[in-house]
Amino acid sequence: MTCLTRRETLAAGVALAAAACTSLPQDPAGPAGAAPDSLNGLAKTKGLAFGSCLGGGKDSYSFRDPQVRALMIEQCGMLVPENELKWVALRPDAKSFDFTRADVLIAFGETHGMKIRGHTLLWHNMQWFPEWLKTYDFGPRPAAEAERLLREHITTVCTRYGTRIFSYDVVNETIDAKTGEMRDTVFTRHLGDKVIDIAFDAAKQAAPHAKLVYNDYMSWGPGNAVHRAGVLKLLARLRKNNVPVDTLGVQSHIGPGASDSTPQYGAAEDKDWRAFLDEATAMGLDLAITEFDVGDQVLPADVAVRDKMVADMARSYLDAMFSYPQLRTVMAWGLVDKYSWLRNRWPRADGLPKRPSPYDDDYQPKPLREAIAESFRAAPARASI
Ligand code: G3I
């Protein structure tokens, strides 16, 4: 087990103190998401909970913006660090951990009574590994070393936060959307598919209280059929082997453009999508919406038209999702357009800024926010988590 050095512990303490001095006193008082007409307030009446990611990166990031923090406190009952719990943020090298930025975000959420999700213990795609891991020398007993490294990482993170994190995306995006097969990584080269089983086992041992989630971005379009089938095949294998996975995390980056998602969520889409969700829930899995936003890459330029199309699509999609009593948590992947990861990804041909989030650049609610609220109002009640 790698422990924090004295320097790292001090750094984390300084960061927390800085957060306490520079940001928290200016923020509105909690408890977060308590107002009945907030998104979380509306969700709560149906046994659901609403939250968002928040980013605390080195540069301009949403946590630095007091108006975003105020919106989080007003609307959200849950928070997930957008990038700060990823290997790339936590692991400067094979021996040490840097929890500074994650600690600040988690402390902020807790101060205001938000529940915390952990994303992610293993983003199983080499593209998102830290550089050192891509070329790591696993030595003469590579399988044993790969397992040791993975278990050490997961155990260290889960032990540090204990019951402060109620749900982990244990494994993120291990299925290749094009082939439906497991992605090849430095871990699979030595451990094969067992890498996923090991990750869940380590998480279960270190965080027995937590909901353990397999998280992925499969969607409903015909071009996503291979991805959906691959995810179901993985989940079936995990269930058969008694691997402790509780929940399928449906990222829900919906909207036309980036993938092959069609510009509407109509009867045809609903049929394919429900067939997928039915199969997952029949395995005894819960569902969670973990990263909701609506891409508008190829929608018309007119903002009113575009916002309405985004809202309409969200409403149909969320209504379908909320019809599953196994779904209890809904996380937006950002509340405010200007901090969305989609702003700089897959730009629109007309160069106009994308509007994928519930609030606009001036922190004003958009039709998407109302669509989410309406879906919560219309949702059947369920037992809460
Ligand atoms: O912090 C560095 C900064 O120092 C540097 O100057 C700058 C230059 O580009 O990069 C900054 O880091 C960026 C980081 O976001 C914070 O801004 C990374 O390059 C960039 O790759 C990173 O993107 C994140 C991406 O995951 C990759 O980790 C997005 O913010 C984040 O929204 C996105 O989230 C993913 C989920 O984890 C998994 N599902 C898909 C989702 C969207 O891609």
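Helices (H or I, at least four residues) and strands (E, at least two) are DSSP runs, numbered from the N terminus. The views below show a predicted model.

**View 1. Contact between helix α12 and helix α13.**
Helix α12 spans residues 303-322 and helix α13 spans residues 367-378. Their axes come within 8 Å and cross at roughly 25 degrees. Angles under 35 degrees count as roughly parallel, and α12 is therefore roughly parallel to α13. The crossing of the two helices is right-handed. From α12, the contact is made by Asp-307, Val-310, Ala-311, Ala-314, Arg-315, Leu-318, Asp-319 and Phe-322. From α13, the contributing residues are Pro-367, Leu-368, Ala-371, Ile-372, Glu-374, Ser-375, Phe-376 and Ala-378. By class, this contact has 11 nonpolar residues, one polar residue and four charged residues.

Asp-307 is one of the α12 residues in the contact with α13. Its relative accessibility is 6%; because buried means under 20% relative accessible area, Asp-307 counts as buried. The side chain of Asp-307 makes a polar contact with the side chain of Arg-355 at 2.8 Å. Not counting residues up to four places away in sequence, Asp-307 touches Arg-355, Lys-366 and Pro-367. Of these, Pro-367 belongs to α13.

**View 2. Arg-183 in the loop between β4 and α8.**
The loop that holds Arg-183 runs between β4 (165-172) and α8 (186-191). Arg-183 has 15% relative accessibility and counts as buried. Its side chain makes a polar contact with the side chain of Tyr-217 at 3.5 Å. Apart from neighbours within four places in sequence, Arg-183 is in contact with His-124, Asn-125, Glu-173, Thr-174, Ile-175, Asp-176, Ala-177, Thr-188 and Tyr-217. For orientation relative to View 1, the C-alpha atoms of Arg-183 and Leu-368 are separated by 34 Å. These two residues are 185 residues apart along the chain.

**View 3. Helix α3 and the elements that its buried residues pack against.**
Helix α3 comprises residues 66-75. Its buried residues are Val-68, Arg-69, Leu-71, Met-72, Ile-73 and Gln-75. They pack against α2 (39-44), β1 (49-54), β2 (78-81), α5 (100-111) and α13. At the start of α3, a side-chain oxygen of Asp-65 reaches to within 2.8 Å of the backbone nitrogen of Gln-67.

**View 4. Ser-38 in the loop between α1 and α2.**
Helix α1 covers residues 6-22, and Ser-38 lies in the loop between α1 and α2. Ser-38 has a relative accessibility of 1% and counts as buried. The side chain of Ser-38 reaches the backbone oxygen of Ala-35 at 2.7 Å. With neighbours within four places in sequence left aside, Ser-38 is in contact with Gly-33, Glu-74, Gln-75 and Arg-369.

**View 5. Contact between helix α10 and helix α11.**
Helix α10 (residues 225-240) and helix α11 (residues 267-282) have axes that come within 10 Å and cross at roughly 10 degrees. The two helices are therefore roughly parallel to each other. Arg-228, Val-231 and Leu-232 of α10 meet Asp-272, Trp-273, Phe-276, Glu-279 and Ala-280 of α11. By class, the contact has five nonpolar, no polar and three charged residues.

**View 6. Backbone geometry at Thr-120, Asn-242 and Tyr-363.**
The peptide bond from His-119 to Thr-120 is cis, with omega near 0 degrees. Thr-120 is placed in strand β3, which comprises residues 115-123. Asn-242 has phi near 55 degrees, a positive value in a residue other than glycine. Asn-242 lies in the loop between α10 and β6 (247-250). With a relative accessible area of 69%, Asn-242 is exposed. Phi of Tyr-363 is near 70 degrees, also a positive value in a residue other than glycine. The place of Tyr-363 is in the loop between β9 (327-332) and α13. Tyr-363 has 15% relative accessibility and counts as buried.

How values were computed: Residues numbered from 1 in each chain as written. Predicted model: local features only at pLDDT ≥ 70, side-chain atom pairs only at ≥ 80, totals over all residues. Heavy atoms only, no water. Axes fitted to C-alpha atoms, helices over the stretch in contact; angles between N-to-C directions. Parallel < 35°, antiparallel > 145°, perpendicular 65-115°, else oblique. Left-handed = near helix turned anticlockwise from the far one by under 90°. Contact = heavy atoms within 4.5 Å. Nonpolar A, V, L, I, M, F, W, Y, C, P; charged D, E, K, R; others polar. Buried < 20%, exposed > 50% of the residue type's maximum accessible area, 1.4 Å probe, protein only. Polar contact = N/O pair within 3.5 Å; in protein donor to acceptor, adjacent residues only side chain to side chain.
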